[in-house]
Amino acid sequence: MHSYSKADLYNRYVQQAAATANKQHCISEASLNNIEQAYPSELYTPDLFIAIAIGLLTVVGWLFGCGFLSLFLLEGGINKIGFSIAAIIMGAATYFVLEAMVKSKRYYNGGVDNVLLAGIVICGLVALYGTDYGQPPLAIVALVMLVICTALCARFVDAFMGMLAVVALLTLVFALGNRLMPWYLLPLLVMIVSVALYRLAGKYVQRESLLAYRYCFTCIRLLALTCLYTAGNFYVIMQAGAYLFPGFGATGFVLGLIFWVFTIAVPLIYVVAGIRKKDMAIVRLGLALLLVSVFTVRYYYSIMPPEQAMVWGGLLALGIAYVLIRLVKTGKYGYTFEAGAGDEKGLLQAKALLLLQSAAIKKMPVDHTQFGGGSSGGGGANSDY
Amino acid sequence: MLYNLFSKLQQQGLITPDELDNVAVQQQRPLSVRNDLLTLLYAGIVVLCTGLGIVVYQNIDSIGHMAIIAFIAITCTACYVWCFKKASGYSQAKVQSPNTGFDYVILFGSLLLLIWVGYMQFVYHVFGERWGLAGFVPMVLLFATAYYFDHAGVLSLGISNLAAWLGITVAPLSVVSGNDFGNERLIYTAVLLGAFLVGIAAFSFYKNVKKHFYKVYLNFGTHLFFIGAVTAMFVFHDAYFLWFVLIAAAAAACLKYAVAANSYYYFAVTIAYSYAAAMYAGIALLALMPNEVGVIYLGLLYGISLSVLLTWLLIHYNKKFKAHA
């Protein structure tokens, strides 16, 4: 089904498991080497930075390639064959390049494959919207994208394509539901499908025969949870409603209250459930969505100006972190504060970037005479907040 | 599932029975939430200080306002006093933190110090009209804090303060938009400061003065230098070839360093800047040719082949790294 060899993917899984075990000091360096030799994998997955650089180069190369091809087609009379056909030709060309590169170099999340996959999807969208027959119905677009993304996910074992397929599926469900049922059932429909997807992906994630797709299913599960939340978020409901149904807004008190409760409760449920299941991915997702909920509330009911909210929010986060560290250190709750196998180095770099961005020290006025709030330099204050 | 895998590996004689037991024990171990909690702590500090940095400039002269200033001053002092008590003193070598919270308290204290000094200058003109001094003093304090308590995060704050003092903002998201690179003086400043920081990095490394800090200096220095030099190519178009040669020389040195230090990061960064420079140089050459469709084709082909070439270079050397590691 996929264009990689099964052994390559399986051996990569074994190597990763062994590397983690080595990091956790369970197995020795010698054993890790033994395993890597016994389970060789030809897949090319570089370091993240290299992958990003390769990806950027591929973006530029791909754009130039498309420019080259379209110039070629233009000289051949693009107006005669139509924009959509040109996009389809480019998409097909991208696909064949990708297939050839994967076959010869075994790129697997190596930057090149990720960018070219996205390129195919973009070509598909352009082809759909670039016809001479006006805008196609949303359901058709979603259906075509669902087929393309699912096929690409299956063929290149790519998690991002899997996630796009989920988005396409939910869009399809939404577009069909929009024709068949009253608006207030639409969120419910999307929620039901999200939960079903979450369940299904959860079943497949455990399956040994689908080991290669494990990461895809993990991502799909998290995305399904995000979609479940999004389908009931008050802001999303209001915006989508206003867009789809002119005159929308009088949702009624009860319905509005239901969506508010949903907006606040779901992230909290995720956090609590994640803590109980010891699934940190779900806890982090819950916290991120909680932040989204805070912004949702702020959008409608601004209790205090942003900088004051930052002060109180920062104090709250500090307090919670302090209490939790104390609690976890007691070791009673099945969690530990000792270092795990996580990627501490990457986290440090991310923290350093965050620090520079947020505490952004404003540059000095070069003539050294200008006055003004935070630009006094070193104030750590952002005068143009 | 994981245990089954490792028992299979054990049957194949790839790992010892003891190691299999280790894996089984590891499965039962409590889950580590260290990184998550420290990130929360960190986010709390950064958000709180960003908020405070804005709040202090509002409602000046109100009573609540004075309370905030007092809070900042007291907390800042408390942070520093606590750190001086806990710290084991200055050393040329790397100093281990006495406990987990230490690094975070220093960071908190330094950020509060920045806010406090900035506020003092704004309201009381402590440094008079000499705004240069108002940037210089906190910078020195930050560097002193970073070196005394051995804190790479505060060091990067100090360096960005140094850049700010010279008129450059180094916030990652606004390094391009926030700086007026049409200003010729700024370009020279960026290039020279970049080179200077790389020099400091070399000094730290070879003279063993806080050797581990060299990475922080090198990171800032490389980016500042390349951003300045690539911009210079665009701005000083007449002399672009000179700048191109300079960039090429610097890139060669960087690649050499990246291979020697086994650093994927520097390799990728150098290739990215080189691409921008090479692309500009190539297009500048093509612009000299007669204006025909053929030239556009040539330009597109150049773009494609440059990407392919640099991608090949990345992959080729990436494999070399792995052989080294």
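Colleague: In which helix of chain A does Leu56(A) lie?

Modeller: Keeping in mind that this is a predicted model, Leu56(A) belongs to helix 3 of chain A, which covers residues 48-75.

Colleague: Why is Leu56(A) called partly exposed?

Modeller: Leu56(A) has 19 other C-beta atoms within 10 Å; a residue is buried with 20 or more and exposed with 12 or fewer, so Leu56(A) falls in between and is called partly exposed. By that cut-off of 20 or more, 33% of the 385 residues of chain A count as buried.

Colleague: How far is Leu56(A) from Val112(A)?

Modeller: Their C-alpha atoms are separated by 8.7 Å, although Leu56(A) and Val112(A) are 56 residues apart along the chain.

Colleague: How many residues does each chain bring to the contact, and what kinds are they on the side of chain B?

Modeller: Chain B brings 83 residues and chain A brings 82, and on the side of chain B that touches chain A, helix 3 (residues 34-55) gives the most, with 21 residues. The residues on that side of chain B divide into 56 nonpolar, 24 polar and three charged.

Note on methods:
Residues are numbered from 1 along each chain as its sequence is written. Chains are lettered from A and ligands numbered from 1 in the order in which they are written. This is a predicted model: local features need pLDDT of at least 70, side-chain atom pairs count only at pLDDT 80 or more; totals for chains, interfaces and linings use all residues. Two residues are in contact if their C-beta atoms, placed from the backbone, lie within 7 Å. Helices (H or I, at least four residues) and strands (E, at least two) are DSSP runs, numbered from the N terminus. Ala, Val, Leu, Ile, Met, Phe, Trp, Tyr, Cys and Pro count as nonpolar, Asp, Glu, Lys and Arg as charged, and the others, Gly among them, as polar.
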